[in-house]
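Please examine the sequence and the model shown below before reading on. The paragraphs after them form a guided explanation.

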Amino acid sequence: MTPHTTAVDARVPAGLNLPASWYVAFPSGQLAKRPRALKLFGEPLVAWRDGAGRPVLMPRHCPHMGASLADGKIVEGGLQCPFHHWRFDRSGACVAVPGTARIPSKARLRPYPTVERHGYVWAWYGSEEPMFPLPEMPSLDEDQPGHRRFRLADSTGATVRRILENTYDPDHLVALHGLEVAGPCRLRMLTDQQQTQDHGPPIDAEAWLGAELTWPGYTGKLGAVTRLLGTNAEEFVLRVDGWPAGQRISYWADGVPQYRLLLATTPIAPNRTIQHITAAVLTTGRRWRDLRHYLANRLEITFASHQDLPVFNTMEPGDRHGIYLERDRGVLRFRKHYQQWVDRVADHA
C-alpha cells in the first residue's frame, strides 16, 4: 500500500506537522490566579485567567520591549507587564499604558481560542477561529453518575500523529502488548457516527474519523489472569471516533461497555508531545465488584500506555521507513485524514 504524502506550506512551523485542531494546553488545575509560562506549538506562551476566571493563552513576550508577561500580574482583569506596566485584555489588545492615553495600534498580541472542559484547558491551533467545535464526552464530567474516573499524562519523544495512529494499528496489540488471543485482531473503518453515539454528541463530520477493533477472548497466562479477575470474554471490541488531534474510545466485553476513554495530545515542540488519557470506568453500584473492575481496567490501561512509550520515544518520526501491508490500512487511512488537516494550517497561514 502507498502512504499518503502532501507538501505543506513552508510557513507552517518546521518539524511540527500539526493539523488544524483542538489540543490540550494543560490541565485546568495548573492555572490559578497567577500567569503561567508554557511552551506549546513550538512557541513560548503565557496562560492566565481574566477577571471572570476564563483562561487566556497568548504569546509570552510583551510587544513593547519583550519582557515576559508570565512574570506579570493580573490587574483589573487584564495581564500587566512587569516591566513598564502595559496591560492587555483577553483579546490580546493593550488597554492601558501608564503616562499616556494614546495606545499604539500595533500594541496587541494574538491569543489562541480556548475552551475549558473535562478538567483541561484546550487550545485551537491552525487558524484564527476554530473550524469545528471541541468534541464532548459527557461521561468524563464529575456530575455524571455511573462512572469512576482516573487520568494519566505521559511526556513522549513522539509526534502527535504517531500517538494517535497507534489506535488504528491492530497488529501492535498482539506484537507489543503480548495479547494471547484465540484468533486474529480485526479492524474496520466506521462510516456512521451512530455507531459511536454513546461517546457523546457527534463530532463535526469533516473532522471525524472512526474505526472498530475486534479480537477474541484471551488465552494462555493472560487468559488465566483475566478469568481470575472476571475480565475475560468471548469477544472484545474497541471503538474509536476522533478528530485530527484527539480520540474518544470505548471498550466492550461481550457487548457490555467497560469504560470510555479520552485520548488527547499536547504538542510542545518537534518530537515532544504529552499524551493525556482520561478514563471513565463504568460502575454498577456493587461496591466490591466495581472496585475490582475499576482496578483491573486502570491497571490494563496504564500498563498498555506505558508499553507504548519506549517505542514512541525511539521511533524515527517521518515515513522514510515505510513498507506497508494490507493490515496497515487503518494507520494509512488515519494518516491521510490527519494530513488533510495539516494542509488546512498552510491554507490559513
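The model is predicted, so local features need pLDDT of at least 70 and side-chain atom pairs count only at pLDDT 80 or more, while totals for chains, interfaces and linings use all residues. Residues are numbered from 1 along each chain as its sequence is written, and side-chain values use heavy atoms, with hydrogens and water left out.

The strands come first. Strands here are DSSP runs of E with at least two residues, numbered from the N terminus, and two strands pair if DSSP finds at least two bridges between them. Strands of a sheet pair through backbone hydrogen bonds, either parallel or antiparallel.

Seven strands make up an open sheet with the order 11-17-16-15-14-13-12 and antiparallel pairing. Its edges are strand 11 (147–156) and strand 12 (186–189), each of which pairs on one side only. On average, neighbouring strands of this sheet are turned by 20° against each other, direction ignored; the axes behind such angles are lines fitted to C-alpha atoms, and angles run from 0 to 180 degrees between N-to-C directions.

Strand 14 (residues 235–243) contains Asp-241. Is Asp-241 buried or exposed? Its relative accessible area is 0%, so Asp-241 is buried, where buried means under 20% relative accessible area, exposed over 50%, and partly exposed in between (1.4 Å probe, protein chains only). The side chain of Asp-241 has a polar contact of 3.2 Å with the side chain of Thr-196 and another, of 3.3 Å, with the side chain of Trp-208. A polar contact is a pair of N or O atoms within 3.5 Å; within protein, one must be able to donate a hydrogen and the other to accept it, and residues adjacent in sequence count only if both atoms are side-chain atoms.

An open sheet of 3 strands has the order 2-3-4, again with antiparallel pairing. Strand 2 (36–40) and strand 4 (55–59) are its edge strands, each pairing on one side only. From one strand to the next, the twist averages 35°. Strand 2 and strand 3 (residues 43–49) are antiparallel and share 5 bridges; through one of the pairings, Lys-39 has Pro-44 in strand 3 as its bridge partner. Strand 3 also holds Trp-48, which counts as buried because its relative accessibility is 0%. The C-alpha atoms of Trp-48 and Ala-70 are separated by 8.4 Å, although the two residues are 22 apart along the chain.

A further set of pairings involves strands 1, 9 and 10. Strand 1 (residues 21–27) is mostly covered, with 6 of its 7 residues buried. It runs antiparallel to strand 10 (residues 120–125), to which 6 bridges join it, and Pro-27 has Tyr-120 as its bridge partner in strand 10. Strand 10 also pairs with strand 9 (residues 114–117), in the antiparallel sense and over 4 bridges; here Thr-114 is partnered by Ala-123. Strands 9 and 10 form a hairpin with 2 residues between them, and His-118 in the turn has a positive phi of about 55°.

Ser-28 lies in the loop between strand 1 and strand 2. With a relative accessibility of 14%, Ser-28 counts as buried. What does the side chain of Ser-28 join in a polar contact of 2.8 Å? The partner is the side chain of Glu-116.

The cavities remain. A cavity is a set of points on a 1 Å grid over the protein atoms alone where a 1.4 Å probe fits but cannot get out, and lining residues have an atom within 4 Å of a point. Grid points are joined across faces, edges and corners, and a volume is the space filled by probe spheres set on the points. The structure holds 2 cavities of 30 Å³ or more.

The largest cavity has a volume of about 40 Å³. It is lined by 10 residues, and the closest to its centre are Leu-16, Leu-18, Ala-269, Asn-271 and Thr-273. This lining comprises 6 nonpolar, 4 polar and no charged residues; Ala, Val, Leu, Ile, Met, Phe, Trp, Tyr, Cys and Pro count as nonpolar, Asp, Glu, Lys and Arg as charged, and the others, Gly among them, as polar.

The second largest cavity has a volume of about 30 Å³. Its lining includes His-118, Glu-136 and Arg-248, and divides into 5 nonpolar, 1 polar and 2 charged residues.

Key: On a 1 Å grid over the protein atoms alone, a cavity is a set of points where a 1.4 Å probe fits but cannot get out, and a pocket is an open set with protein on both sides within 12 Å along at least five of seven lines; lining residues have an atom within 4 Å of a point.
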